[in-house]
Number of protein chains: 2
Amino acid sequence: MTESRVSAAFEDEDYRRAVVDLLGAIAYGELAAFDRLSADARLAPTLEDKIAIGAMACTEFQHLLQLRDRIAELGDDPYAAMAPFRQALDLFHEHTAPSDWYEGLIKAYVGDGLAADFYREIAAYLDTRTRDLIVASLADAGHSEFVVDRVRSAIAEDPRLGGRLALWGRRLMGEALTQAQRVAAERDALSALLAGGVDRPALDLAAIGRMFARITERHAERMAVLGLDS
Amino acid sequence: MTESRVSAAFEDEDYRRAVVDLLGAIAYGELAAFDRLSADARLAPTLEDKIAIGAMACTEFQHLLQLRDRIAELGDDPYAAMAPFRQALDLFHEHTAPSDWYEGLIKAYVGDGLAADFYREIAAYLDTRTRDLIVASLADAGHSEFVVDRVRSAIAEDPRLGGRLALWGRRLMGEALTQAQRVAAERDALSALLAGGVDRPALDLAAIGRMFARITERHAERMAVLGLDS
């Protein structure tokens, strides 16, 4: 969609509402990630690790503030826009509370990677400005290099850890799919977005199937980079 | 101390070491504040309050990163520089874990205010660059207006809360003094700084007495702004 179509798109109230919904979902996701990362920082074995995780938490938080301000610009209450996603995201985190430092690291890397892939896929169907904001919000908060380094060295020292963490990665993927389906089923505005509208192509079932295949493939790539089976 | 004396000051190894010590103490304090504020964000009654507290936590974290980088510039390992202050600051937070949202708010406001007053007093004896860095690190992370507003409205609704929170403020002050004395007694470099050196005036006992009188007075002013007796 070109820049000139942005205002036309937002004149469509269904579109505006769907974008607010999507930004609300991502914003609450960033807040939940901040919450989780700042709690995981307490599991860090060293001050340096603690500060590395804290820095990731604050990067997520800065993204949240940008999304919040954009929702307000679009004429909605950002806190009301985030609220509908609270339960699904809180349940995701409740069901996947890391039991140690390494589970926390994997969750930061794999969980945020999954969310980023999913939202980026949807963002491709949106106006330029919204797409750019979403892509910037999902930029790697410095997770990758740090997590890959820490996890690979730990597995090299204790190979049994690899088996446990591979299972953990599968559990994260399963729980993420469960909660994503739940949100999709409950939020009409988001579903309508996927169904297309003024100036926007629809996502048909085959396209959705391909999208999930791509997301699953990228998940497997991330696990491989960590040295884990997916 | 004027800018031209900065390098002379750092040629004095005792001075350099004392500054690294002081920056390490403030840096660990900011990390502990980040930890505490991000945990307190979970007690927030609304999403808006939660995000307001999260923003404060991340402001403290940004200050920590600046202090960490400056310690590295001065030729020391920042993590080693922070480590000696870990026990006193962790104990302070352990002994003053807020039991509800309002105790957390008061602690953010009064505790950080106390720390800021104390470090600003010491910063007055340092070279310009160090002083500016410390003063910037201690800038109000947006606590004041938000906390004052929330606490005053809560007391207006439930006047008994005022009595409990006034006691809480006194406990915070007592615990802060206990841990500050502990640090001063243990850290020779910081004590040497207070005793003066090349190009630096000493803090005599009368000056230290006046310093504590000023800090106590500012604490009372903050409590009064909250509508609390000190």
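## Charge and basis of the model

In chain A, the mean positions of the 26 positive and 38 negative charges are 2 Å apart. Lys and Arg count as positive, Asp and Glu as negative; His and the chain ends are not counted. Each charge is placed at NZ of Lys, CZ of Arg, CG of Asp or CD of Glu.

This is a predicted model: local features need pLDDT of at least 70, side-chain atom pairs count only at pLDDT 80 or more, and totals for chains, interfaces and linings use all residues. Residues are numbered from 1 along each chain as its sequence is written, chains are lettered from A and ligands numbered from 1 in the order in which they are written, and side-chain values use heavy atoms, leaving out hydrogens and water.

## Fold of chain A

Chain A has eleven helices and zero strands. Both are DSSP runs, numbered from the N terminus: helices are H or I with at least four residues, strands E with at least two. The radius of gyration of chain A is 18 Å, close to the 17 Å that the globule rule gives for 230 residues, so chain A is as compact as a globular protein of that length. That radius is taken over C-alpha atoms, and the rule is 2.2 Å times the number of residues to the power 0.38. The C-alpha atoms fill a box of roughly 55 × 35 × 30 Å along the principal axes.

Of the 230 residues in chain A, 52% are buried. Buried means under 20% relative accessible area, exposed over 50%, partly exposed in between (1.4 Å probe, protein chains only). Among contacts in chain A with a separation of 6 or more, 81% join residues 24 or more positions apart. Contact means heavy atoms within 4.5 Å.

## Helix α5

Helix α5 of chain A covers residues 86-95. Its buried residues are A:Ala88, A:Leu91, A:Phe92 and A:His93. They pack against α2 (13-40), α6 (101-123) and α9 (160-186) of chain A.

A rotation of 180 degrees, with 0.0 Å of shift along its axis, superposes chain A on chain B (RMSD 0.0 Å). That is the relation of a two-fold axis. In chain A, the C-alpha of A:Cys58 is nearest the axis, 2.8 Å from it. Copies are superposed by least squares on the C-alpha atoms of residues with pLDDT of at least 70 in both. 100% of the interface residues of chain A are also interface residues in chain B, so the copies meet through the same surface.

A:Leu31 lies in helix α2. At 1% relative accessibility, A:Leu31 counts as buried. Beyond its neighbours within four places in sequence, A:Leu31 contacts A:Phe61, A:Leu64, B:Leu47, B:Lys50 and B:Ile51.
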